[in-house]
Amino acid sequence: MDVASIDAGRLSIVKAPGDVRTLMAEAADEFRPSAAVKGIDLHSDDRGGALPAEFDHARLFQSVGNLIVNAIRFS
């Protein structure tokens with residue numbers, strides 16, 4: 001569905017200031033139970049301070065989540 005929206009030029013992206021490191025920690029927290037079921041220890045490295053950027057939180061979370069789910073599935 002997202003690909004069709006991109007092709008049609010209708011994909012809504014709302015950029016806002018945020019912290020990429022925080023988003024990565026949220027994603028790790030969200031998918032940690034799924035990883036644990038397969039015996040995978042999922043965590044994010046929060047050393048080093050914030051990684052400020054402008055991004056669409058929902059879209060980036062979705063993309064990172066897809067990567068994590070695929071990594072869990074094929075590990």
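Is D29 buried, partly exposed or exposed? In this predicted model, D29 is partly exposed, with a relative accessible area of 47%, where buried means under 20% relative accessible area, exposed over 50% and partly exposed in between (1.4 Å probe, protein chains only).

**View 1. The salt bridge between R32 and D29 in helix α2**. The closest N and O atoms of R32 and D29 are 2.7 Å apart, and a salt bridge is a side-chain nitrogen of Lys or Arg within 4 Å of a carboxyl oxygen of Asp or Glu. The two residues are three apart in helix α2 (residues 20-37), so about one helical turn separates them; helices (H or I, at least four residues) are DSSP runs, numbered from the N terminus. R32 is partly exposed, with a relative accessible area of 31%.

**View 2. The salt bridge between D45 and R47**. Here the closest N and O atoms are 2.7 Å apart; D45 is partly exposed at 39% relative accessibility, whereas R47 is exposed at 63%. A search of the whole structure finds two salt bridges.

View 3. Beyond its neighbours within four places in sequence, R21 is in contact (heavy atoms within 4.5 Å) with residues including D45, R47 and L51.

Residues are numbered from 1 along each chain as its sequence is written. In this predicted model, local features need pLDDT of at least 70, side-chain atom pairs count only at pLDDT 80 or more, and totals for chains, interfaces and linings use all residues, while side-chain values use heavy atoms, with hydrogens and water left out.
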